[in-house]
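Here is a short note to read alongside the structure. Please take the points in order.

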Amino acid sequence: MRVSTTQHTPADAPAVRLDHAAFGYAGRPFTEGINLAVPQGEVIALLGPNGSGKSTLVRGLLGLNDQVGGTVTLFGTPLDHLTDRSRLGYVPQRHTLSASVRSTVREVISTGQLASRPWWRRASANDRATVTKAADTVGLADRLDADVATLSGGQQRRVLIARALASQPDMLIMDEPTAGVDAANQDVLATVLRRLARLGVTMLVVTHELAALRGIVDRIVEMDAGRVSFDGTPLQYAEHRAQVSRAADSGLAGADHSGARHHLAFDEHHHDDGPVESPGLLSGVGPMDGPVEGKDS
Amino acid sequence: MPEILSFDFMRNALLAALLVGAVAPLVGIFLVQRRLSLIGDGLGHVALAGVAVGILLDNQPIITALIAAVLAGVAVEVIRARGRASGDIALAVMFYGGIAAGVVIINRVDGSQSANLTSYLFGAITTTSRGDLMVFGVLSAVILVVTVTLRQRLFLAAGDEEYARASGLPVMALNITLSVLTAVTVVVSMRVVGLLLISALMIVPNAAAQQVARSFRAATVWAVLFGVLSAVGGVVTSFYADTAAGGTIVLLAIGIFLVIAAAMALVTAATAHRHRVAERHPHEHGPGCGHEAIPHDDHIDYLHGDHRHAPHGGHYDEHERVTR
């Protein structure tokens with residue numbers, strides 16, 4: 001995918017900057033005082049339990065929720081002045097495509113380009129080539145004429161990623177891309193995300209399954225009760241979880257023991273499935289991994 | 001010249017049927033997609049109130065019906081957008097209020113044996129005048145141009161509203177556009193099939209088209225084809241069989257749907273032996289997956305050991321073994 005160069009963005013402007021930002025509905029904030037900067041090209045995993053406000057934050061960036069406070073800038077432009085929404089490529093969580101009528105993979109991916117051209121203009125040869133390329137990026141180039149409703153859940157998820165790519169966005173926002181997807185498709189999805197990360201696409205990935213994104217994520221942001229509760233590298237996050245786990249265990253016996261076991265667990269989970277995975281990048285940590293196992297023993 | 005074409009009123013009727021048969025399914029496919037198949041009925045109910053006001057004022061009922069249906073169409077979207085639990089009830093009040101007011105007013109003006117009422121409820125295609133035909137022609141052209149131009153946008157707004165909104169499309173405006181298109185279609189169709197049967201002509205040809213088509217574009221074309229076939233065929237049949245045109249058109253549309261559904265079931269059964277699902281394997285075939293890709297008619301097989309796997313929906317089929 002080509003990262004768009006036609007738009008006027010200061011080269012050093014972060015993709016996203018939140019300063020004491022609050023998002024919510026009808027003037028009522030659900031998340032408050034969020035500070036976050038996403039540099040261009042970075043891949044961020046956004047974690048947090050249900051109701052922690054991560055969806056509210058993401059939907060706020062997408063203009064689906066109201067910004068009720070603070071300042072939010074996307075590529076240096078204030079959120080409420082952002083006219084070109086196609087710079088954000090949205091990959092929804094649910095398979096929200098209506099299955100009530102037939103539609104091909106190409107027809108669905110093509111809709112990703114609609115917002116970037118005036119209503120009277122039809123798709124150009126260039127647009128169609130971009131659609132084909134987007135399908136190729138997610139490994140569905142051979143299914144362009146297939147009926148979307150007949151594809152598997154993981155394949156449909158990749159159609160949604162390709163649809164977001166079709167508008168040639170500067171940043172992808174994905175909601176649970178790997179949830180409820182079988183192992184073979186998770187592998188393909190991980191390959192696709194790794195490919196995009198290598199191309200320098202900025203990504204904000206809401207997820208519960210950090211293990212599936214091993215080696216792709218640069219940074220982890222955890223939210224709880226409408227606030228950011230952790231922000232750091234995957235390695236730091238592993239330590240953070242270990243500390244939380246130790247704190248929880250300190251009332252019980254064997255805090256040190258549990259910590260040691262817990263690191264061992266990481267090593268077992270960690271296996272190279274990507275050629276360019278740097279050895280220091282330890283991101284195979286699902287929120288349900290390590291600490292819980294350590295506590296059980 | 002066939003007998004049917006020697007009558008002026010039948011020529012008008014056939015032209016009106018042609019127009020309605022083409023535009024009703026064209027709009028209807030988006031209603032099917034939004035699972036709002038019955039909204040046309042509701043707007044038809046309100047259109048009757050408009051007809052009644054037109055008769056009361058001794059005016060053009062088509063104009064007042066158009067105004068009433070369009071206003072109701074906008075109201076439907078506004079009520080839906082507010083997302084209140086009471087929205088459903090608000091729609092019911094509006095729809096049934098419309099048809100009740102229509103019946104009361106028309107009977108008050110025409111007396112209880114009103115032929116006018118029946119002609120609007122069940123259609124009276126043979127009374128289509130040249131003037132009506134002009135109005136229908138203009139309205140049909142508007143529907144055709146708007147639907148074809150906004151086809152992809154309406155498809156996205158109906159198929160994935162949240163994504164459409166996030167990508168910056170004016171979803172509310174698109175939904176209102178669809179609602180107004182539906183209202184206009186209702187008014188164009190009311191003389192042909194009647195206000196109580198309008199939804200059938202918007203929905204049933206699409207139900208048939210969904211059986212045969214594999215893409216949205218093809219489904220649209222098939223639906224228009226089936227719509228024209230049932231509308232024109234219905235008028236011809238009703239002329240020779242001396243039946244009510246509106247009902248005949250809808251029965252013919254349903255007949256086409258049933259025949260096609262049965263034919264597709266037969267085709268599926270007849271080709272079932274050719275469809276063998278491949279063994280499960282924890283690997284997704286695709287370009288560059290490491291398995292040799294072999295073009296096979298309209299798809300690509302992947303060489304898996306000594307046999308070929310062909311993608312079929314979410315799984316793979318066994319296609320013939322390789323002998324070489």
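1. The count is three cavities of 30 Å³ or more. A cavity here is a set of points on a 1 Å grid over the protein atoms alone, where a 1.4 Å probe fits but cannot get out. This is a predicted model: local features need pLDDT of at least 70, side-chain atom pairs count only at pLDDT 80 or more, and totals for chains, interfaces and linings use all residues. Residues are numbered from 1 along each chain as its sequence is written, chains are lettered from A in the order in which they are written, and side-chain values use heavy atoms, without hydrogens and water.

2. The second largest cavity holds about 50 Å³. Its lining (residues with an atom within 4 Å of a point) includes B:Leu31, B:Arg34, B:Glu77 and B:Thr182. By class, five lining residues are nonpolar, two polar and two charged.

3. Chain A brings 43 residues to the contact and chain B brings 40 (heavy atoms within 4.5 Å). The two chains bury about 3,400 Å² between them, 53% of it on carbon and sulfur atoms. Buried area is the accessible area (1.4 Å probe) lost on being put together, summed over both parts. In chain A, A:Val101, A:Arg102 and A:Leu114 lose the most area to chain B, together 19% of what that side buries.

4. Two salt bridges link chain A and chain B (a side-chain nitrogen of Lys or Arg within 4 Å of a carboxyl oxygen of Asp or Glu). One of them joins A:Arg59 and B:Glu162 at 2.4 Å, N to O.

Terms used:
On a 1 Å grid over the protein atoms alone, a cavity is a set of points where a 1.4 Å probe fits but cannot get out, and a pocket is an open set with protein on both sides within 12 Å along at least five of seven lines; lining residues have an atom within 4 Å of a point. Grid points are joined across faces, edges and corners, and a volume is the space filled by probe spheres set on the points. Ala, Val, Leu, Ile, Met, Phe, Trp, Tyr, Cys and Pro count as nonpolar, Asp, Glu, Lys and Arg as charged, and the others, Gly among them, as polar.
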